[in-house]
Amino acid sequence: TGPGYQPVIDFNAWRVAVLNYLDEIHPGKIDSVERHNETDEVFVLIKGQGILFLGEGQSQVGNIFHQILEPNKMYNVKRGIWHTIVLSRDGSVLIVENRNTSKENSDYCPLSSEQKKLIIEVAQREQSDWR
């Protein structure tokens with residue numbers, strides 16, 4: 001029930017976790033995206049509002065696209081795809097991924113000022129918290 005990422009179940013090779021809103025995923029504080037090199041990652045919005053941002057590119061992020069999350073619908077981010085998420089203050093997502101997903105087998109890429117601005121604009125337009 002607390003803020004941030006919280007593993008709920010680790011079993012064999014997989015993990016189920018909950019990500020609740022925390023200030024670090026406020027649209028104005030998103031300054032990078034990540035990709036996981038060994039696993040897909042599944043997101044399910046269980047409360048509030050959420051937007052998943054996906055980026056094109058190999059070593060750098062080019063175009064960024066967004067997906068408005070619908071409650072109780074699964075969104076599968078494939079291995080190697082740049083991504084980040086923003087949640088409303090009452091937002092919560094269920095995450096399913098490999099149990100060993102970590103900074104050691106993931107990559108991080110800083111966003112340009114234009115990309116950061118896009119995330120803020122989309123969030124303000126789509127999430128009632130940020131209007």
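Which side chain meets R15 in a salt bridge at 4.0 Å, N to O? I looked it up, and the partner is E97. A salt bridge here is a side-chain nitrogen of Lys or Arg within 4 Å of a carboxyl oxygen of Asp or Glu.

**Ground rules**

I am working with a predicted model, where local features need pLDDT of at least 70, side-chain atom pairs count only at pLDDT 80 or more, and totals for chains, interfaces and linings use all residues. I number residues from 1 along each chain as its sequence is written, and side-chain values use heavy atoms, with hydrogens and water left out.

**Entry 1: R15 and its partners**

I placed E97 in strand 9 and R15 in strand 2, so this pair ties together parts that are 82 residues apart in sequence. Strands (E, at least two residues) and helices (H or I, at least four) are DSSP runs, numbered from the N terminus. Next I checked cover. Buried means under 20% relative accessible area, exposed over 50%, and partly exposed in between (1.4 Å probe, protein chains only). E97 is buried, at 6%. R15 is buried as well, at 12%.

R15 also forms a salt bridge with D10, and there the closest N and O atoms are 2.8 Å apart. D10 is partly exposed, with a relative accessible area of 36%. I then found D10, R15, E97 and R99 linked in a network of salt bridges. My search of the whole structure gave eight salt bridges.

**Entry 2: strand 2 and its neighbours**

I followed strand 2 (residues 14-20) next. Six of its seven residues are buried, so strand 2 is largely enclosed by the rest of the structure. Strand 2 pairs with strand 1 in the antiparallel sense over seven bridges. Two strands count as paired if DSSP finds at least two bridges between them. The two form a hairpin with two residues between them, and N12 in the turn has a positive phi of about 45°. F11 has W14 as its bridge partner in strand 2.

Strand 9 also pairs with strand 2, again antiparallel, over seven bridges. There I saw V16 opposite V96 of strand 9.

**Entry 3: a nonpolar patch**

Which residues make the nonpolar surface patch of about 390 Å²? I noted V8, I9, F11 and W14. Patches take residues with over 30% relative accessible area and no salt bridge; like charges are joined within 9 Å, nonpolar side chains (Val, Leu, Ile, Met, Phe, Trp, Tyr) within 5 Å. The areas come from the Shrake-Rupley method with a 1.4 Å probe, and for residues only the protein chains shown count as cover. Strand 1 (residues 4-11) gives the largest share, three residues. W14 is partly exposed, at 37% relative accessibility.

**Entry 4: the core**

I turned to the largest nonpolar core, which has 27 residues. Such a core is a set of buried Ala, Val, Leu, Ile, Met, Phe, Trp, Tyr and Cys residues joined through side-chain atoms within 4.5 Å. I85, L87 and V93 touch the most other members. Strand 8 (82-87) and helix 1 (113-126) are among the elements that each supply at least two residues. Strand 8 gives the most, with four.

**Entry 5: helix 1**

I ended on K117 and E121, whose side chains meet in a salt bridge (3.9 Å, N to O). Both lie in helix 1, four residues apart, about one turn of the helix. K117 is exposed, at 51%. E121 is partly exposed, at 39%.
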